[in-house]
Every structure is written in structure tokens, then in C-alpha cells.
Amino acid sequence: MPENLRPNTVDPMSAVVVVLQAVAQGQGCKATVPVYDGRQRYDLSFTPKGTEDIAKSDLSVFAGPAQACGLDFKPVAGRWKEDRARRDRDEEGRRRNPRDVTLWVAPAQADRPPLPVRLESDSPWARWWSTCPGWSGWAGKNGRRPGRSD
């Protein structure tokens, strides 16, 4: 992994935080974030896909409008784990087997910054998703958790 490709990169979770900050500032989720995860250097490109209503479900505490952001992985350098016959993250593999990844972001409460509320992606085996099962640690304006009177 060439040293000159590491400066001005962030870890994968910080890339999501960069997009959350942009959404909070009203800039939407259009961003390309340079990432280095200790083994690979890649760009995560986020693109706006509009606003969608997330329906109430038993799997998530969030329901309501959320901004959908497409996510694309673009390899730059580093060591890829998969074997060459099944690779999916280089240009050839991405052409053969494109992945659709969407991240939805929305405020947990009206006066709070946006958070990831849903993530969906295709995999070689199935379509999978992750939702927000609960909130904790939210302090109200008085420094206490909402709903607490003590």
C-alpha cells in the first residue's frame, strides 16, 4: 500500500460521519470520501437518491421520512481478501456483479442531528438490511433523558 495514498483519508465509520454532517448542514449526501482501513485504500461515493418514508416495523424504532443515499465502493490500492475467481470489489468484479447499496439517514428526534436509520445491500447470497433497533443515551435540553422527571 503506497504511503502517498494514506494522507487525508479516514476510517470507514468516519466516512459515514462525514456524510451525516453534510446532511445535517443541508448539503445532502453527495460526497466522495477517501478511506484507508489499515489494509486497503478506497473511495466511498455517496449520491442522493431522494427522500423516502420508512414504515414502522418490529425491527426498527424509526419510522418517518429519511434521506436515501446511494453508496459506491471504488478501490484505489491495497490488498483485497477475496480470491480472483470470486472477486467483487475491483473494476472487473464490479462490472460482473454490481452491488446496490443504500443508506437512509434521518434525525432521531426533530431537534437532533441525522443518524443512519437503515442500510440495504445486495450480497452474493441475498439482499440484506440493517435497521436501527433502538436509541439510548439521548439527553434532553435539561441534560436529562427525555421522559424522565427525576
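Reader: How many salt bridges does the count come to?

Author: Side chains of opposite charge can pair when their charged atoms come close. In this predicted model, the count comes to 6 salt bridges. One of them joins Glu3 to Arg6, with the closest N and O atoms 3.1 Å apart. Glu3 is exposed, at 55% relative accessible area, while Arg6 is partly exposed at 28%.

Reader: Which parts does the salt bridge between Asp100 and Lys49 tie together?

Author: Those two side chains meet at 3.4 Å, N to O. Asp100 sits in the loop between α2 (91–96) and β4 (101–107) and Lys49 in strand β2, so the pair ties together parts 51 residues apart in sequence. Asp100 is partly exposed, with a relative accessible area of 34%, and Lys49 counts as partly exposed at 40%.

Reader: OK, on to the disulfide. Which cysteines does it join?

Author: The structure holds 1 disulfide, and it joins Cys29 to Cys69 with an S to S distance of 2.4 Å. The pair links distant parts of the chain, 40 residues apart: Cys29 is in the loop between α1 (12–24) and β1 (31–36), and Cys69 is in strand β3 (residues 64–78).

Reader: Is that disulfide left-handed or right-handed?

Author: Check the torsion about the S-S bond: for Cys29 and Cys69 it's about -115 degrees, so the disulfide is left-handed.

Reader: And is Cys29 buried or exposed?

Author: Cys29 counts as buried, at 1% relative accessibility. Cys69 is buried too, with a relative accessible area of 0%.

Notes:
Residues are numbered from 1 along each chain as its sequence is written. This is a predicted model: local features need pLDDT of at least 70, side-chain atom pairs count only at pLDDT 80 or more; totals for chains, interfaces and linings use all residues. Side-chain values use heavy atoms; hydrogens and water are left out. A disulfide is a pair of cysteine sulfur atoms within 2.5 Å. Helices (H or I, at least four residues) and strands (E, at least two) are DSSP runs, numbered from the N terminus. Buried means under 20% relative accessible area, exposed over 50%, partly exposed in between (1.4 Å probe, protein chains only). A salt bridge is a side-chain nitrogen of Lys or Arg within 4 Å of a carboxyl oxygen of Asp or Glu.
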